[in-house]
Amino acid sequence: MNISVLPWSILAILCFISAGCDRRVLEMDTPFRIVATDAGFEAPEHVPSGMRHIVFENHGSEIHEGMLVKLPQGMSPNDYVAAVKRGTLFPKGAVDCSGPGLTSPGEKTEMWVRLEPGQYILICWNDGHAKTRSAHPFIVDYTVANDAVPKQEVVLKLVDFRFEIEGNLRSGVHIIRVETPGPTMHEVDLFRLHDGKTVADLNRWRKEDPGGPAPADALGGALDSHDIKRVVWLRKNFAPGRYVLHCEMPLTPDASASHTDITHADLGMVREFEIERNEATSETKAVGGAPPLQ
Ligand SMILES: [Cu+2]
């Protein structure tokens, strides 16, 4: 029997009656699949709590992301969206729990993140979509099931206001552990620059014309988390090319903030690196204003 095709609820029942599952925690890998479209999201209405392996695909024609927000008692998904439409970036009591970052049309990204039980909403903040596209309510159940996190090779630290990388990024697949020493909240979006384009082109595009022609492909990063101790993991397949790490957290998360306000990227939280073509000499090298790789 291929258990990977069974719904989580049935897997949980099988676990309960299994003699080898006395702690009632299921170890498995049944991805939490999220499809972003230009109208909203296609995703489950229930997922188990514990470590979730998120597979996020953008089937739309615009860039999208998938912020996971845990709602407080008494706040409905509609209440949250109404607060956002009034201009609030962080509705009071709601908790950002990371999620897949900016992802270009046709791209797919993978993330591992631990989720606690509760009522959640999945929402895209790119280019005003939080106010104009449908968010997706879902419940993280009390049933616990942990997807196994692949062995990490590289650590990415989100620090005020820079990116630190431990380990070497070469062409090929990497598991990247994302930590936030902070002390403030951060996020990381990963872009691959198009030929002839620069970090300045990318900054200008994100700041002034996020719906305009893209100088880079958005490959999915890790969105912010109110709990900065939350660790997430990304799986990325790097082809040779020039890449940029970019933090678009607003410096002042007040109700009036928009993409024209000051972001961490404006403060220099942007880092370019190159994946070289020659496997024998393909260690990354920093070419931006960030400290060298360790
Ligand atoms: Cu930041």
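**View 1. D127 in the loop between β8 and α3.** D127 is found in the loop that runs between β8 (118-123) and α3 (129-132). This is a predicted model. The phi of D127 is near 50°, a positive value in a residue other than glycine. D127 is partly exposed, because 18 other C-beta atoms lie within 10 Å.

**View 2. S98 in the loop between β6 and β7.** S98 lies between β6 (95-96) and β7 (108-115). Its phi is near 65°, a positive value in a residue other than glycine. S98 is buried, because 26 other C-beta atoms lie within 10 Å.

**View 3. The largest nonpolar core.** This core has 58 residues. Those with the most contacts inside it are V69, L122, I123, V178, V188, F191 and V244. Beyond its neighbours within four places in sequence, L122 is in contact with residues including I34, F41, L68 and F138.

**View 4. Strand β12 and its partners.** Strands β10 (residues 154-159) and β12 (residues 172-182) run parallel, joined by 5 bridges. K157 has E179 of β12 as its bridge partner. With β15 (residues 232-238), β12 pairs in the antiparallel sense over 7 bridges. Here V173 has N237 of β15 as its bridge partner.

**View 5. Two cis peptide bonds.** One joins D160 and F161, with omega about -10°. F161 sits in the loop between β10 and β11. The other runs from G182 to P183, with omega near 15°. P183 is in the loop between β12 and β13 (189-193).

**View 6. I165 in strand β11.** The strand covers residues 162-166. I165 is buried, because 21 other C-beta atoms lie within 10 Å. The C-alpha atoms of I165 and I176 are separated by 9.5 Å.

Methods: Residues are numbered from 1 along each chain as its sequence is written. This is a predicted model: local features need pLDDT of at least 70, side-chain atom pairs count only at pLDDT 80 or more; totals for chains, interfaces and linings use all residues. A nonpolar core is a set of buried Ala, Val, Leu, Ile, Met, Phe, Trp, Tyr and Cys residues joined through C-beta atoms within 7 Å. A residue is buried if 20 or more other C-beta atoms lie within 10 Å of its own, exposed if 12 or fewer, and partly exposed in between; C-beta atoms are placed from the backbone. Two residues are in contact if their C-beta atoms, placed from the backbone, lie within 7 Å. Two strands pair if DSSP finds at least two bridges between them. Helices (H or I, at least four residues) and strands (E, at least two) are DSSP runs, numbered from the N terminus.
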